[in-house]
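Please keep the sequence and the coordinates open as you go.

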Amino acid sequence: MPYVIAEACIDVKDKACVDVCPVDCIYEGEKMLYIHPDECIDCGACEPECPVTAIFPEEDVPATQQQYIQINRDVFKGENPPHKPTR
Ligand code: SF4
Ligand code: SF4
């Protein structure tokens, strides 16, 4: 089960998570970052790096933010998918 980026990342986007991901599966969108669910190896390295606790293992996403599981998946299928993060 992949890790998921949820609501708290919106407009924060400091990208601390990007630096520690061993497989570069965290991508940048307009408002927030997203984890590609098929590329994430479930290592957990990103979770403690996030200053606003936006990252959760899929099974631990808070009840009020469950929609982000699908959002992290669907965003890669949209017309304007997230890209490799820029610095
Ligand atoms: S859990 Fe590991 S592989 Fe998945 S996004 Fe986080 S750092 Fe990358
Ligand atoms: S560390 Fe957290 S707030 Fe920063 S970009 Fe990653 S998910 Fe977003």
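**A buried glutamate and its surroundings**

Glu-58 sits in the loop that joins strand E4 (55–57) to helix H2 (67–74); helices (H or I, at least four residues) and strands (E, at least two) are DSSP runs, numbered from the N terminus. Glu-58 is buried yet forms no salt bridge, and Arg-73, the nearest side chain of opposite charge, is 4.7 Å away. This is a predicted model, in which local features need pLDDT of at least 70 and side-chain atom pairs count only at pLDDT 80 or more, while totals for chains, interfaces and linings use all residues. Residues are numbered from 1 along each chain as its sequence is written, chains are lettered from A and ligands numbered from 1 in the order in which they are written, and side-chain values use heavy atoms, with hydrogens and water left out.

**Terms for the glutamate**

- Buried means under 20% relative accessible area, exposed over 50%, and partly exposed in between (1.4 Å probe, protein chains only).
- A salt bridge is a side-chain nitrogen of Lys or Arg within 4 Å of a carboxyl oxygen of Asp or Glu.
- For charge, Lys and Arg count as positive and Asp and Glu as negative, while His and the chain ends are not counted.
- Leaving out residues up to four places away in sequence, Glu-58 touches Met-1, Pro-2, Tyr-3, Val-4 and Ile-69 (contact means heavy atoms within 4.5 Å).

**Salt bridges**

- The count comes to four salt bridges.
- Lys-31 pairs with Asp-11, their closest N and O atoms being 3.5 Å apart. Lys-31 lies in the loop between strand E2 (26–28) and strand E3 (33–35) and Asp-11 in the loop between strand E1 (3–5) and helix H1 (16–20), so this pair ties together parts that are 20 residues apart in sequence.
- Lys-31 is partly exposed at 43% relative accessibility, whereas Asp-11 is exposed at 57%.
- Glu-28 and Lys-13 meet in a salt bridge of 3.2 Å, N to O. This pair links distant parts of the chain, with Glu-28 in strand E2 and Lys-13 in the loop between E1 and H1, 15 residues apart.
- Glu-28 is buried, with a relative accessible area of 8%, and a network of salt bridges links Lys-13, Lys-15 and Glu-28.
- Arg-73 forms a salt bridge with Asp-38, the closest N and O atoms being 3.6 Å apart. Here too distant parts of the chain are linked: Asp-38 is in the loop between E3 and E4 and Arg-73 in helix H2, 35 residues apart.
- Asp-38 counts as exposed at 60% relative accessibility, and Arg-73 as partly exposed at 29%.

**Ligand shells**

- Around ligand 1 there are 14 residues, of which Cys-21, Cys-40, Cys-43, Gly-44 and Cys-46 come nearest; a residue is near a molecule if one of its heavy atoms lies within 4 Å of it.
- Ligand 2 is surrounded by 13 residues, the closest being Cys-9, Asp-14, Lys-15, Cys-17 and Cys-50.

**Overall fold**

- The protein has two helices and four strands, which run β-α-β-β-β-α from the N terminus on.
- Along its principal axes, the C-alpha trace spans about 30 × 25 × 25 Å.
- Of the 87 residues, 44% count as buried.
- Among contacts with a separation of 6 or more, 67% come from residues 24 or more positions apart.
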